[in-house]
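Let's take a walk through this structure, starting with a sheet and ending with some charged pairs. Keep the view open as you read.

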Amino acid sequence: MKDLLDARGYEIEVTSSADCPVTIIYLGPKEAQHEGIFYDEDPYVVSRVEQKSFNRRFCTALKDEGIRLSGLRISLKAEEQTEIEVRACGECLLSFTAEPGRAVEMTIDVSGLCKKEKEYLSQVHRILYLLLGEVDRICQKHKIPYFLVFGGLLGSLRYGDIIPWDDDVDIAMTRKDLLRFKNAARKEWDGDFLLMDCSEIGNGAFLDFLCRVLYMKEPVPVNIFRKVSGKCSKEVENHLSLDIFILDRAFDHPGLHKLHMTAVRAVYGLAMGHRAYVDQKEYAGRSFLTRIAVRSLPVIGKMLPSSFIFRLHDWISTVNENKKTKDYFMSNGYLPFIHTRYSCQWFCGESRVKLGNMQVGAPNDVEAYLKRAYYDYYHYPPMEKRIPEHSPESAGIL
């Protein structure tokens with residue numbers, strides 16, 4: 001497994017207490033492992049900084065395995081006496097007084113950075129492989145096709161492993177195959193693993209329309225069920241899950257597809273009325289119509305039985321169930337991306353790809369799928385997106 005910070009990069013901040021020019025002569029690994037300065041696939045990081053002047057504050061993101069192996073070397077010179085502080089990944093590495101006109105050089109051990117986050121991710125990745133391994137076992141035994149999707153598939157292509165900062169793995173199945181999987185899993189599982197449909201969170205609560213496989217043997221501090229906390233069953237909180245997306249048939253006609261997605265989104269809005277709370281601030285940057293819908297639809301949905309809303313969602317999602325259309329859509333996906341169409345040809349068989357020490361199911365054309373899901377999948381995301389989204393510190397699902 002690639003080290004978290006080797007893959008993500010080190011966010012470095014250097015600050016000066018005095019309003020005077022400070023020149024960074026060199027900032028980077030003591031012994032470089034990367035010859036260049038810029039990365040083709042990762043435009044948000046550099047391998048080192050040389051001859052850079054700043055006033056008060058300088059920020060950059062460095063990525064080179066040498067930083068972990070040999071330490072972070074910094075050499076700088078200030079025109080006036082000033083207090084210098086060096087921070088990495090939000091943690092203070094050192095502070096010192098720089099004398100005017102005198103170059104200062106030191107090497108800093110960064111091996112202890114992000115210790116809590118690394119421990120969390122190590123536990124999460126171990127459990128995700130247990131979940132995926134058990135799902136794969138059931139599917140192989142009963143010849144049920146499934147497909148690794150989204151970040152898990154991207155991690156397979158990029159690292160041959162789970163993305164170092166990722167804390168979830170998603171798969172997709174057709175609705176008919178999901179029904180077969182549910183029947184098989186519930187006959188075999190006795191406690192360590194729990195298959196939970198979207199309507200089975202407890203007390204009529206709604207989080208989303210996903211089907212989940214939970215590992216019940218070991219609790220993990222996660223935010224997955226935060227927005228139904230107090231309404232959902234207590235036994236599922238603080239347990240990690242593998243999410244299953246449903247592949248339903250999409251309309252071929254663009255106009256009908258758009259209307260179809262509007263209906264699916266509207267039902268989702270109604271279902272939000274059965275959460276413990278809806279934080280309107282999270283939708284402040286969305287369109288006017290979205291903000292209106294998020295304010296009004298949950299109010300209406302709260303007056304409707306959640307069981308009715310779940311049935312309504314299934315009915316709307318499966319209007320093309322018996323038609324041979326060109327594309328699927330993920331009917332229980334996240335709202336901003338629910339309209340995305342995926343060629344049925346990508347899911348007509350079952351290829352296998354490497355993920356860690358496993359071979360798992362995947363779409364027939366991995367790169368075509370990832371291009372549709374992410375467009376520029378070959379580029380890394382911005383630094384602020386390289387976080388475990390289900391950790392207690394993250395906001396959780398919208």
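## The sheet

Two strands count as paired if DSSP finds at least two bridges between them. Strands (E, at least two residues) and helices (H or I, at least four) are DSSP runs, numbered from the N terminus. Before we go on, note that this is a predicted model: local features need pLDDT of at least 70, side-chain atom pairs count only at pLDDT 80 or more, and totals for chains, interfaces and linings use all residues. Residues are numbered from 1 along each chain as its sequence is written, and side-chain values use heavy atoms, with hydrogens and water left out.

So what is the strand order in the open sheet of 4 strands? It reads β4-β1-β6-β7, and the pairing is antiparallel. β4 (57-62) and β7 (91-98) sit at the edges with a single partner strand each, so one side of each has no neighbour in the sheet. Strand β1 (residues 10-16) is joined to β4 by 6 bridges. In that pair, Tyr10 stands opposite Leu62 of β4.

## A covered helix

Now look at helix α4 (residues 150-158), where 7 of the 9 residues are buried. Buried means under 20% relative accessible area, exposed means over 50%, and partly exposed is in between (1.4 Å probe, protein chains only). Among the buried residues of α4 are Phe150, Leu153 and Leu154. After α4 comes Gly160, with a positive phi near 70°.

## Charged pairs

Side chains of opposite charge can pair when their charged atoms come close. Here a salt bridge is a side-chain nitrogen of Lys or Arg within 4 Å of a carboxyl oxygen of Asp or Glu, and by that rule there are 25 of them.

Take Glu134 and Arg137, whose side chains meet in a salt bridge at 2.7 Å, N to O. Both lie in helix α3 (residues 115-142), 3 residues apart, or about one turn of the helix. Glu134 counts as buried because its relative accessibility is 14%, while Arg137, at 34%, counts as partly exposed.

Glu188 and Lys141 make another salt bridge, at 3.0 Å, N to O. Glu188 belongs to helix α5 (residues 175-188) and Lys141 to helix α3, so this pair ties together parts that are 47 residues apart in sequence. Lys141 is exposed, at 51%.

Lastly, Arg212 forms a salt bridge with Asp243, with the closest N and O atoms 3.3 Å apart. Are these two buried or exposed? Arg212 and Asp243 are both buried.
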